[in-house]
Amino acid sequence: MPTINRQFAKYSFLLLAGTILALIFGCTNHHPQSPFDTVGPVSESQALIFYIIMYAGLVVFVITMSLLAYFTFKYRKKDGDDSDPEQVHGNSSLEIAWTVIPALLLIAVAVPTINSLFDTTVSPDPDALTVKVTGNQWWFRFDIPELGVVTANELHIPVGEVINIQLDSKDVIHSFWVPKLAGKVDMIPNNDNTMWFQSNEEGVFYGQCAEFCGESHALMRFRVVVESREEFDAWVERQLADAVKPSDPLTQQGHDLFMSSDAGCYACHTIRGSQKAYGEVGPELTHFASRLHILSGIQDNTHENLIAWITDPDAIKPGNIMSKNGSVYTDPDKALSDPEITALAAYLRSLE
Ligand code: CUA
């Protein structure tokens, strides 16, 4: 028996040490999705609540555990003492004290919490730029109605300005989360959840769907690019322009294939300025090449990654609509040849 106990103790210790290490390293600020590395007022306010509650809990923990250790030691069984300890029943002052103190503590925590709840939920500027975000399995659509911008998986915003966010979903429940900017809010079909944020720093911030929404949930990411007002205005202007026309035989071949019923890409994607590509099932591609990433933020926007994606989308993002419904993937007779895939990738990568 002692052997089993020793082994149990050893494995318990390893498990505990592993958990503590995971928690310590999981909480570092130097992580692209750390909610502690705050860059705006909403995430700052939410992180502050976390710290208040954590330090209050820490004080209670240390006091309680110290008293427990002290009494355990003081009233331990001593050699040659076989009598029962003195039995005590009820102590009104103590009972009142340990009811009132926690109640006061909870009230003290509730005041800043409720304050922050209102500050972070209600936009300080309802007339500020509004972005409509729609969740899809598994990508994000961004509309900025007042500017006429529609894009996917990469949202640009101006630094230091309030951004109002309206959340919706086309299929199941998703959740919108940019950890450095704001806590997550669910995206529910036909429900108008709203939030706001503001970034006081320029940079590229990671976003992620935070509600399990199917097999590729973990691959549903996006980026928020925060830039100066001038850069943002220039970005808007570029986004509003129609797609560039094919300029060489290879991109022309890719364009023709994209718009053909053989490949059928046009039926699900929009390329503004084209004759027929106005589908809204898949991400809008008018300025595909201007984005930093492809596949909703999971890979860099490179020719090789795009080739791999068009060749076998199900291997990269399991269950996606394109591999399930695109006839070039479901019908072996219609499968794209390598030169066709190269042409399609060249065309998409020309859409600056
Ligand atoms: Cu969308 Cu998880």
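In which loop does Leu295 lie? Leu295 lies in the loop between strand 11 and strand 12 (299-300), where helices (H or I, at least four residues) and strands (E, at least two) are DSSP runs numbered from the N terminus.

The structure is a predicted model, in which local features need pLDDT of at least 70, side-chain atom pairs count only at pLDDT 80 or more, and totals for chains, interfaces and linings use all residues. Residues are numbered from 1 along each chain as its sequence is written, and side-chain values use heavy atoms, with hydrogens and water left out.

**Backbone features**

Phi of Leu295 is near 60°, a positive value in a residue other than glycine. Leu295 is buried, with a relative accessible area of 12%; buried means under 20% relative accessible area, exposed over 50%, and partly exposed in between (1.4 Å probe, protein chains only). Ser296 is found in the loop between strand 11 and strand 12, and its phi is near 50°, a positive value in a residue other than glycine. Ser296 is buried, at a relative accessible area of 2%. Elsewhere, a cis peptide bond joins Gln137 and Trp138, with omega about 0°. Trp138 lies in the loop between strand 1 and strand 2.

**Nonpolar cores**

A nonpolar core is a set of buried Ala, Val, Leu, Ile, Met, Phe, Trp, Tyr and Cys residues joined through side-chain atoms within 4.5 Å. The largest such core has 35 residues, of which Val133, Phe140, Ile165, Phe176 and Phe197 touch the most other members. A second, separate core of 26 residues includes Ile271, Ile298, Ile310 and Leu351. In soluble globular proteins, nonpolar side chains tend to be buried together.

Phe197 has its place in strand 8 (residues 193-197) and is buried, with a relative accessible area of 0%. Contact means heavy atoms within 4.5 Å. Leaving aside neighbours within four places in sequence, Phe197 is in contact with residues including Ile157, Ile163, Ile165, Phe176 and Val178. The C-alpha atoms of Phe197 and Ile114, 83 residues apart along the chain, are separated by 18 Å.

**Three further buried residues**

| Residue | Location | Relative accessible area |
|---|---|---|
| Val226 | strand 10 | 3% |
| His287 | loop between helix 5 (249-258) and strand 11 | 3% |
| Ser43 | helix 2 (residues 41-74) | 3% |

Beyond residues up to four places away in sequence, Val226 touches Ile157, Pro158, Val159, Ser199, Glu201, Glu202, Gly203 and Phe205. With the same exclusion of residues up to four places away, His287 touches Arg238, Gln239, Ala241, Asp242, Arg272, Leu351 and Glu352. Ser43 is in contact with Thr38, Pro179, Lys180, Leu181 and Ala182, leaving aside its neighbours within four places in sequence.

Helix 4 (residues 229-240) has 12 residues and reaches 16 Å from its first C-alpha to its last, close to the 16 Å expected at 1.5 Å a residue; the expected span is 1.5 Å times one less than the number of residues. Its residues Phe232, Trp235, Val236 and Gln239 are buried. Seen down the axis of helix 4, the buried residues fall within an arc of 100°, so they line one face of the helix; the arc is that of the directions from the helix axis to the C-beta atoms. The face turned away from the buried side of helix 4 carries the exposed residues Glu230 and Glu237. The cover over the buried residues of helix 4 includes strand 1 (129-136), strand 2 (139-144), strand 3 (149-152), strand 4 (154-158) and strand 10 (221-227).

In helix 10, the end C-alpha atoms are 16 Å apart, which agrees with the 16 Å that its 12 residues should span at 1.5 Å a residue. Buried residues of helix 10 include Ile341, Leu344, Tyr347 and Leu348, and what covers the buried residues of helix 10 includes helix 5 and helix 6.

**The largest pocket**

The largest pocket has a volume of about 780 Å³. On a 1 Å grid over the protein atoms alone, a pocket is an open set of points where a 1.4 Å probe fits, with protein on both sides within 12 Å along at least five of seven lines, and lining residues have an atom within 4 Å of a point. Grid points are joined across faces, edges and corners, and a volume is the space filled by probe spheres set on the points. Of the 37 residues that line the largest pocket, His269, Gly282, Pro283, Trp309 and Met322 are the closest to its centre. The elements that give two or more residues to this lining are strand 11 (293-294), helix 6 (303-311), helix 8 (321-325), helix 9 (327-330) and helix 10 (338-349).
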